[in-house]
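The sequence and structure come first, and the description follows.

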Amino acid sequence: MAGDEISEGNDAHPTATPQLRRRLGVFDSVMIGLGSMIGAGIFAALGPAAAAAGGALLVGLAVAAVIAYCNAHSSARLAALYPQSGGTYVYGRERLGPFFGYLAGWGFMVGKTASCAAMALTVGAYAWPGREHLVAVIAVAVITAVNYLGVQKSALVTRVIVFTVLAVLTVIVVVCLTGSDTGFDGLEITSGHGATGVLQAAGLLFFAFAGYARIATLGEEVKDPARTISRAIPIALAITLVVYLCVAIAVLTALGADALAAATDPLAQAVAAAGFGGLEPVVRVAAVIAALGSLLALILGVSRTTFAMARDGHLPRLLTAVHPRFAVPYRAELAVGAVVALLAATADLRGVIGFSSFAVLVYYLIANASACTLSAKPWSRLIAVVGAVGCLVLAAFLPLASVISGVIVLGLGAVIYGIRTSLRT
């Protein structure tokens, strides 16, 4: 059965279109996934999630992790079947039809473009308060240049960033759990917001878990994709979950839910509350490094989906050009970098986080729906159904402004698709 599915995926890919070089193994793929996840949740989503759920933040984290696992399981199965750039854009197109593939690709591009802006603004907020937008634009320019030089260099930089941030986060956890001014009395898993607050927190925290999609969108650049992707996605997700859980417990222990919800720099404040204020500069540097790592992997993934959609005619075909020396879709990368820089110069951090969560949850809804069409054991099908329902629920419970803006932008994409289709017929 699996052999038939893989054969179908190979046959479905046209050989006359531009191809990317397969150079990434399991380790580099995991590092790219970690680079896009670790940083987003720790430095951008913990505060808003605590504001939504209070002490029940940990419950929201568990809910987000369950949905993320379901999505990862479905994505891994589909990526092994369709080892091409584009992720759910390809899966939706092949399993559900062209419109759903297009909608997934559109949702991924707009949602993750917002995520790129969020990570760039996080860099600015920690590196130079008061000059966030300027620093954000510079960060986007630098990261775009790194990606332009080739995916292997990007993977190497990501690996260094991930190990550096993990080392600093380990210190933060130890300090917060052992500091003289901390105690486990602050760790109360309660919330005055009920189930609504927990689900909203889970939706916001999902923003942090979605990085494993970067691995699937690089499907055309990994070696032995059926083996590499199916291993790299769950490994990256499991490592990230452990890191998030440890950091969330440590920060809640040091600050308590109310202070965490009010903090714009919760990890720095948690270290100070634990009696180690001298480590605050280190934490700020780690925040900048983590956000840069996320930005690097995010721009890499969005540019590959842009490349795939352009290759299929949904975007201008000039974006399909592959650099003769660096073997990357350089025009797609430059276009994505320009759009992200524009957003980073004008956007609001919390607004783009909510919008990104909504769009990416729709993206994974389509991924799970696509996985439901595969021949599989009942357990795999149940996981896909749970993932699809979970994505719908989390999207519905996000802040109202995020839901409205998300519906409008996705609706605009659907209108564009309808106009293009009618002009062709």
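A nonpolar core is a set of buried Ala, Val, Leu, Ile, Met, Phe, Trp, Tyr and Cys residues joined through side-chain atoms within 4.5 Å. Buried means under 20% relative accessible area, exposed means over 50%, and partly exposed lies in between (1.4 Å probe, protein chains only).

This is a predicted model, in which local features need pLDDT of at least 70 and side-chain atom pairs count only at pLDDT 80 or more, while totals for chains, interfaces and linings use all residues. Residues are numbered from 1 along each chain as its sequence is written, and side-chain values use heavy atoms, with hydrogens and water left out.

**Overall make-up and core**

The protein has 18 helices and zero strands; both are DSSP runs numbered from the N terminus, with helices being H or I of at least four residues and strands E of at least two. Of its 425 residues, 59% are buried. Contact means heavy atoms within 4.5 Å. Among contacts with a separation of 6 or more, 84% join residues 24 or more positions apart.

The largest nonpolar core holds 139 residues, and Leu169, Val247, Leu267 and Leu295 touch the most other members. Helix α14 (residues 280-311) supplies the largest share of this core, 16 residues. With neighbours within four places in sequence left aside, Leu295 contacts Cys116, Met119, Ala120, Ala139, Val140 and Ile143.

**Helix pair α9 and α16**

Helix α9 (residues 194-209) packs against helix α16 (residues 349-371) at an angle of about 80 degrees, and their axes are 9 Å apart. The two are therefore roughly perpendicular to each other, a term for angles of 65 to 115 degrees. Axes here are lines fitted to C-alpha atoms over the stretch in contact, and angles run from 0 to 180 degrees between N-to-C directions. On the α9 side the contact is made by Gly203, Leu204, Phe206 and Phe207, and on the α16 side by Ile353, Gly354, Ser356, Ser357, Val360, Leu361 and Tyr364. By class, this contact has seven nonpolar, four polar and no charged residues. In that scheme Ala, Val, Leu, Ile, Met, Phe, Trp, Tyr, Cys and Pro are nonpolar, Asp, Glu, Lys and Arg are charged, and the others, Gly among them, are polar.

Gly203 also lies 8.9 Å from Val63, C-alpha to C-alpha, although the two are 140 residues apart in sequence. Val63 belongs to helix α4 (residues 57-81). Beyond residues up to four places away in sequence, Val63 touches Ala202 and Leu394.

**Helix α5 and Arg93**

Six of the eight residues of α5 are buried, namely Thr88, Tyr89, Val90, Tyr91, Gly92 and Arg93. Arg93 is found in this helix, which spans residues 88-95. Apart from neighbours within four places in sequence, Arg93 is in contact with Gln84, Thr88, Pro98, Gly101 and Asp312. Just after α5, Gly97 takes a positive phi of about 125 degrees.

**Cysteines and accessibility**

A disulfide is a pair of cysteine sulfur atoms within 2.5 Å, and the count by this rule is zero. The sulfur of Cys391 has its closest cysteine sulfur in Cys70, 8.5 Å away, which is too far for a bond.

The table gives relative accessibility for selected residues.

| Residue | Relative accessibility | Class |
|---|---|---|
| Cys391 | 1% | buried |
| Arg93 | 19% | buried |
| Val63 | 27% | partly exposed |
| Cys246 | 36% | partly exposed |

Key:
Angles under 35 degrees count as roughly parallel, over 145 as roughly antiparallel, 65 to 115 as roughly perpendicular and the rest as oblique.
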